[in-house]
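Subject: Structure handover

Hello,

Here is the structure you asked for. Please open it first, then read on.

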Amino acid sequence: MGKWQEMTKEELETQYSPSRWSPRLDKDVVIEAHTKAVTEGTQKAQAFTQTLLNVPYGSGEGEKMDVYLPKKHIETFPLVLYIHGGYWQCLSKDVSGFAACPLVNQGIALAAVGYDVAPKGQLEMMVEQVRHSVAFAVQQYTGISCVYLLGHSAGAHLAAMVLSTDWAKFGVQPNIKGVFLVSGIYDLEPITHTYINDPLHLSLTVAQENSPLLHVPKVKDEVACQVLIAVAQHDPPEFHRQSRKYCQALRTAGWKVSLLDLAGTDHFDVIEKLSQENYLLTQVILNMISSG
């Protein structure tokens, strides 16, 4: 039995409440500050880049993406699909373009993916929507040379679920070269015992079926896809444990994977700082894409 099974409900809820672990700000203030930071970062990115907003990738109302394009016209370019966090129940693509400027400056496009958060959306549906968005992007934009996934928190979970996709049913084989998973959750069972599950209504079966840790595909041949699992220094211990465990599971299955612990960051500014070109994680992402 793992350690989380021995925790009380109260201990588990503390472990899965990243806002309580930030040394910068009080738990409610840090969430407000995060919403403000990503909103302002997105407004700035929209002012400085060429954008295609609300591009439908499916027929559902929430199935839209915002695309941030490189200013210079280049024949082919890499695309980073950003999947936002918010514990599958808040935030949206509308405040998820903040990482665009450093990318488009290097000739890389960013698409912020929308999906139906709870209570409207159910988790299995969100997973399918994100998979669908990847298939749509590679079919829609012929100029895409390769695809990278970038997910934060719940978005890192959804990005990780893309790795186990059966692409045959989408009729496409996307060239996913890299996956950047930031402060994610890869085993959903612990959160079924917390308040986080109140709007999600996850059964144990659904939680297990949608836990990337339990669905790590074996690498059949020489896969060029690299996985970077990043965690903030001030993320809760459970987030660190889950990141290490998922990293190990991927490595065992033959994936190229690395684990990065970002000093001096918490669960929120670890992703907000991607609006800055000189931020360590921005540099790591740009280097992985340029050498990809």
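In which hand does H4 cross H5? H4 passes H5 in a right-handed crossing. A crossing counts as right-handed if the near helix is turned clockwise from the far one by less than a right angle, and as left-handed if anticlockwise.

Two notes before the rest. This is a predicted model, where local features need pLDDT of at least 70, side-chain atom pairs count only at pLDDT 80 or more, and totals for chains, interfaces and linings use all residues. Residues are numbered from 1 along each chain as its sequence is written, and side-chain values use heavy atoms, leaving out hydrogens and water.

**The helix pair**
H4 spans residues 123-140 and H5 spans residues 154-162. They pack at an angle of about 65°, with axes 9 Å apart. (Axes are lines fitted to C-alpha atoms, for helices over the stretch in contact; angles run from 0 to 180 degrees between N-to-C directions. Helices, H or I with at least four residues, and strands, E with at least two, are DSSP runs numbered from the N terminus.) H4 brings Leu123, Met126, Val127, Val130, Arg131 and Val134 to the contact, and H5 brings His157, Leu158, Met161 and Val162. Contact means heavy atoms within 4.5 Å. Eight of these residues are nonpolar, one is polar and one is charged. (Nonpolar: Ala, Val, Leu, Ile, Met, Phe, Trp, Tyr, Cys and Pro; charged: Asp, Glu, Lys and Arg; polar: the others, Gly among them.)

**The annotated site**
An unreviewed UniProt entry marks Ser153, Asp235 and His267 as "active site". Such annotations may be inferred rather than shown by experiment. The three spread over 115 residues of sequence, yet they cluster in space, with a largest C-alpha distance of 10.4 Å. A pocket is an open set of points on a 1 Å grid over the protein atoms alone, where a 1.4 Å probe fits, with protein on both sides within 12 Å along at least five of seven lines; lining residues have an atom within 4 Å of a point. Ser153 lies in the loop between strand S5 (144-152) and H5.

20 residues line the second largest pocket, and Ile31, Gly86, Tyr87, Cys90 and Phe268 are the closest to its centre. H2 (residues 27-48) gives the most, five residues.

Tyr87 has a positive phi of about 55°, although it is not a glycine. The peptide bond from Ala118 to Pro119 is cis, with omega near 5°. Most residues other than glycine have a negative phi, and most peptide bonds are trans.

Best wishes
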